[in-house]
Each structure stands twice: as C-alpha cells, then as structure tokens.
Amino acid sequence: MNEVMKSIITRRSIRSFQKKQVENEKLELVLHAATQAPNGMRQEPWHFTALQNPELLKKLDLLVAGEGKSFFYHAPTLILVSIEQGNRFAQADTACAMTNMMQAAHALGLGSVWCNRINGNNEIDTKLTEYGIPQGFQVTATLALGYAAEPLPEKLEHKVNTITYVR
Ligand SMILES: Cc1cc2nc3c(=O)[nH]c(=O)nc-3n(C[C@H](O)[C@H](O)[C@H](O)COP(=O)(O)O)c2cc1C
C-alpha cells in the first residue's frame, strides 16, 4: 500500500506516554507540518507553542484538570495551537494544522492525541500569558506529544455507509 495511505490508516490517538522527551529534530518537523497545513484565504492566522517545561506543564495540568489528574496524559510535550481572535476560519484552520501534526507525529514514530480541554475556556485563557500565547490570540486546541508507552491500539471499527458516490 502507498506509504502515506498506510500512515493515515494506522494512526491512532495515544493516551499513555513514556517520560522520554521528543528530540528537537522531530519536534521541529511536527511543527513544520503544522505550518504547511491548508488554511482559509491563506491567512495563516495561527501560532504554535511547544511547551516542554515540566514545571509549567504541571502547573497547567493543575489549572485545567486538578490535583492528580492530567488532561494531556502526562505527555512530555504539549503543543498549544492559538489563532488570532475573531478569525472566521479559526476552527477549520486549527483542525487542518492538528491533523498535519498528528500525521507527522505518527510518521516519525511518535504518539499524539488532540486534547480539547483548554479551548473555549475564557477563564483559562486569561491565565495563559506565561505560556507563550501571543497577545490577541486564543488557544483553539492542544496536542499531547511523545513516545507511546504502550503498543499502538488496535484499529477502530469505523461507521459504514458514510460515503455516497454520485456519478
Ligand atoms: C475535535 C477533537 C477533540 C478531541 N478531544 C479529545 C480530548 O479532549 N481528549 C482525548 O483523549 N481525545 C480527544 N480527541 C481524540 C478522539 O477521541 C479520537 O480521535 C477518536 O476517538 C478516534 O480515535 P483515533 O484518533 O485513535 O482514530 C479529540 C479529537 C478531536 C478531533
């Protein structure tokens, strides 16, 4: 099978991570993939913050998930996607960038999962200034990134009858 197709089909969300940090080279490639994503009217209204500082990661988890919990499954890297406030393609552009990053991560032997807890929470937004979110930007999604601690989960059963050909 075509390598790209194989990678798309075998990618799964990973929710258990090794402590081992992602190498800079791989992190840069994942972030580069994000910047290459399609986006509405070629505005590229995004910013990507790669958070690897263990203390700040812990502090963020405490703020979002509470004591003893982790909304990003204790991944060693969390990528925060933020978009210029008021951009009408915010959600679509976020999804394109996130998908590129998840596919790039998988192709590089990394695991990732989309974590949805921060976005849309205005109270948390106001507390994110120390996390490298540019002024006037709003977090729209986060990606937990690292090496999977367990084998890739089994492929999911997907819904059938979701495709119609009209010829
Ligand atoms: C918009 C969106 C939000 C998601 N939010 C979360 C989340 O907060 N936590 C989580 O563990 N997974 C989250 N996921 C991952 C989905 O649960 C996962 O993609 C889905 O179950 C299909 O599994 P797969 O990615 O392994 O194919 C999210 C995915 C998307 C696209």
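Modeller: One term before we start. A polar contact is a pair of N or O atoms within 3.5 Å; within protein, one must be able to donate a hydrogen and the other to accept it. Also keep in mind that this is a predicted model.

Colleague: Okay. Which side chain does Ser-70 join in a polar contact?
Modeller: The side chain of Asp-61, at 2.6 Å.

Colleague: And where is Ser-70 found?
Modeller: Ser-70 sits in the loop between helix 3 (54–64) and strand 2 (77–84).

Colleague: Is Ser-70 buried or exposed?
Modeller: Ser-70 counts as buried, because its relative accessibility is 16% and the cut-off for buried is under 20%.

Colleague: What lies 3.1 Å from a polar atom of the Ser-70 side chain?
Modeller: The backbone nitrogen of Tyr-73. Tyr-73 also belongs to the residues surrounding the ligand.

Colleague: Let's go to the ligand, then. Which residues surround the ligand?
Modeller: Arg-11, Arg-12, Ser-13, Arg-15, Tyr-73, Val-113, Trp-114, Cys-115, Asn-116 and Leu-156. That shell divides into five nonpolar, two polar and three charged residues.

Colleague: How far is a polar side-chain atom of Tyr-73 from an oxygen atom of the ligand?
Modeller: The distance is 2.4 Å. For Ser-13, an N or O atom in the side chain is 2.6 Å from a ligand oxygen.

Colleague: How much of the ligand does the protein bury?
Modeller: The ligand taken alone exposes 620 Å², and the protein buries 61% of that.

Colleague: New topic: charges. How many salt bridges are there?
Modeller: The count comes to three. Side chains of opposite charge can pair when their charged atoms come close.

Colleague: Which residue forms a salt bridge with Glu-3?
Modeller: Lys-6, with the closest N and O atoms 3.2 Å apart. Both residues lie in helix 1, three residues apart, about one turn of the helix.

Colleague: Is Glu-3 buried or exposed?
Modeller: Glu-3 counts as exposed, because its relative accessibility is 55% and exposed means over 50%. Lys-6 is at 37%, so Lys-6 counts as partly exposed.

Colleague: Next pair. What meets Glu-23 in a salt bridge?
Modeller: The side chain of Lys-20, at 3.8 Å from N to O. Glu-23 is partly exposed at 32% relative accessible area. Lys-20 is partly exposed too, with 41%.

Colleague: And what does Lys-59 meet in a salt bridge?
Modeller: Glu-130, at 2.6 Å from N to O. This pair links distant parts of the chain, 71 residues apart. Lys-59 is in helix 3, while Glu-130 is in the loop between helix 5 (122–125) and strand 4 (137–146).

Colleague: Last thing. Which residues form the nonpolar patch on the surface?
Modeller: Met-1, Val-4, Met-5, Ile-8 and Ile-9. Together they have about 500 Å² of accessible area.

Colleague: Take Ile-8. Where is Ile-8 found?
Modeller: Ile-8 is in helix 1, residues 3–10. Its relative accessible area is 42%, so Ile-8 is partly exposed.

How values were computed. Residues are numbered from 1 along each chain as its sequence is written. This is a predicted model: local features need pLDDT of at least 70, side-chain atom pairs count only at pLDDT 80 or more; totals for chains, interfaces and linings use all residues. Side-chain values use heavy atoms; hydrogens and water are left out. Patches are made of residues with over 30% relative accessible area and no salt bridge: like charges are joined within 9 Å, nonpolar side chains (Val, Leu, Ile, Met, Phe, Trp, Tyr) within 5 Å. Accessible areas come from the Shrake-Rupley method with a 1.4 Å probe; for residues, only the protein chains shown count as cover. A salt bridge is a side-chain nitrogen of Lys or Arg within 4 Å of a carboxyl oxygen of Asp or Glu. Helices (H or I, at least four residues) and strands (E, at least two) are DSSP runs, numbered from the N terminus. Buried means under 20% relative accessible area, exposed over 50%, partly exposed in between (1.4 Å probe, protein chains only). A residue is near a molecule or strand if one of its heavy atoms lies within 4 Å of it. Ala, Val, Leu, Ile, Met, Phe, Trp, Tyr, Cys and Pro count as nonpolar, Asp, Glu, Lys and Arg as charged, and the others, Gly among them, as polar.
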